[in-house]
Amino acid sequence: MAELLITGGAGFIGSHSCLMLLEAGHNLVVLDNFDNSSPESLKRVLELAGPSAADRLQVVEGDIRSAGDLERAFEAAPAGRPITAVVHFAGLKAVGESVREPLRYWDVNLCGSRQLLESMQAHGCRSLVFSSSCTVYGLPEQTPISESAAIQPINPYGHSKAAVEQLLADLAASEAGWRIARLRYFNPVGAHPSGRIGEDPRGIPNNLFPFVSQVAVGRRDCLQVFGGDWPTPDGSGIRDYIHVMDLAEGHQAALDVLLAEPPQLLSLNLGSGQGHSVLEVVRAFEVASGRSVPHTIVERRDGDAASTVADPRLAAKRLGWRTRRCLEEMCRDGWTWQQANPEGYGR
Ligand code: NAD
Ligand code: WQD
């Protein structure tokens, strides 16, 4: 059992990971400013985790860019049991928005991470799991993508993630004792099978899965498929979708390894190693939901790649972790969430 600080714990990936970490017996402090989430997600996490978790989750409303808010979060841990590790989900993640508002993205993602690291150092806490992204690889030269592929992001969001990765490497090299995992997620989707927590994007979804599920539930009319002429078997883009519960398990595995092994800096892909095309996702979602998903093929989207799929072998080797849930389960659980919460958490 460990005392953990979870930044951004109310968000999509954070909420599922908090549930799993509570179920594993850890004590959590969540720091979140609810910029892109609702406190309701954490209420539901507690409801799913059961009565034994009630006093093991403290929620601090605050901003990772604020030294004072971070101080309150570190102080929220039970007396005599200081925070031993941080899982850092907090950040902004919309590619298009990052192109329009680079200052905000660099501020939250880089300055926020820098402030967090300074507070960790001040508290003698040197264990960190960081939410990085396959976006750091940009348009990959080859796929499956291994961790040794070039880091060459192509948008401000990706630049900010790559910068934090570099900062973490510089920090680990500057001082002994840091245990850091930079986890590069591929395309997280789905929801907890209960349908009580899930992804709740604000406004028009940027990503495929929430868009498809909102079309299936009748909230939107038609999916635009960005490109039907990619060099893929059916002409639509291929991605490596990963069930959010598999991703949550990956975080647990990374924490276990970091806390058990000597200090180290890890960089690991979290993906399934299997690609699915947009049209395959549409068909799988239609089967899971029993609804039709009207779609039309339009121009390619700027900045997209034909295919990005993870080489997940290093994560399997270092963490003893691999994905277990298939596309059908991603669609089934995503649909359970969407159907039960057509307007998300009602923000
Ligand atoms: P999310 O937006 O649902 O969660 C992020 C959380 O951070 C939210 O609860 C938000 O309110 C909080 N937050 C934002 N700015 C904050 C600040 N300044 N201070 C405190 N809290 C703040 O996103 P998610 O999908 O759960 O992603 C979590 C992390 O994983 C992000 O860092 C994201 O970049 C990364 N990631 C996500 C994906 C994806 O497709 N979802 C893929 C790769 C990497
Ligand atoms: C998936 C596929 C689209 C929407 C993004 C970020 C990346 C990472 C994961 C955070 C592509 C197609 C999509 C739609 C479509 N996030 N599509 N119609 O672009 O792989 O990655 O999320 O780190 O940084 O860039 O995911 O879900 O947007 O797209 O046809 O309305 O679906 O072209 O082939 P992407 P996505």
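This note walks through a predicted model, point by point.

1. Some ground rules to start. In this predicted model, local features need pLDDT of at least 70 and side-chain atom pairs count only at pLDDT 80 or more, while totals for chains, interfaces and linings use all residues; side-chain values use heavy atoms, with hydrogens and water left out. Residues are numbered from 1 along each chain as its sequence is written, and chains are lettered from A and ligands numbered from 1 in the order in which they are written.

2. Have a look at ligand 1. Its shell holds 28 residues, with Asp32, Asn36, Ser37, Lys93 and Tyr157 the closest (a residue is near a molecule if one of its heavy atoms lies within 4 Å of it). By class, twelve of the shell residues are nonpolar, ten polar and six charged. Here Ala, Val, Leu, Ile, Met, Phe, Trp, Tyr, Cys and Pro count as nonpolar, Asp, Glu, Lys and Arg as charged, and the others, Gly among them, as polar.

3. Next, the polar contacts (pairs of N or O atoms within 3.5 Å). A polar side-chain atom of Lys93 is 2.8 Å from an oxygen atom of ligand 1, and a polar backbone atom of Ile13 also lies 2.8 Å from an oxygen atom of the ligand. A nitrogen atom of ligand 1 is 3.0 Å from a polar backbone atom of Ile64. The protein covers 95% of the 820 Å² of accessible area that ligand 1 has on its own (areas come from the Shrake-Rupley method with a 1.4 Å probe).

4. Which elements build the shell around ligand 1? Helix H1 (12-23), strand E5 (127-133) and helix H6 (156-174) each supply at least two residues, and E5 gives the most, with three. Helices (H or I, at least four residues) and strands (E, at least two) are DSSP runs, numbered from the N terminus.

5. Now for the largest cavity, which holds about 150 Å³ of space. On a 1 Å grid over the protein atoms alone, a cavity is a set of points where a 1.4 Å probe fits but cannot get out, and lining residues have an atom within 4 Å of a point. Its volume is the space filled by probe spheres set on the points, which are joined across faces, edges and corners. The lining has 17 residues, and Glu199, Pro210, Ser213, Trp337 and Gln338 lie nearest the centre. Helix H7 (208-216) gives the largest share, four residues.

Methods
Polar contact = N/O pair within 3.5 Å; in protein donor to acceptor, adjacent residues only side chain to side chain. 1 Å grid on protein atoms, 1.4 Å probe; cavity = no way out; pocket = protein on both sides within 12 Å on 5 of 7 lines; lining within 4 Å.
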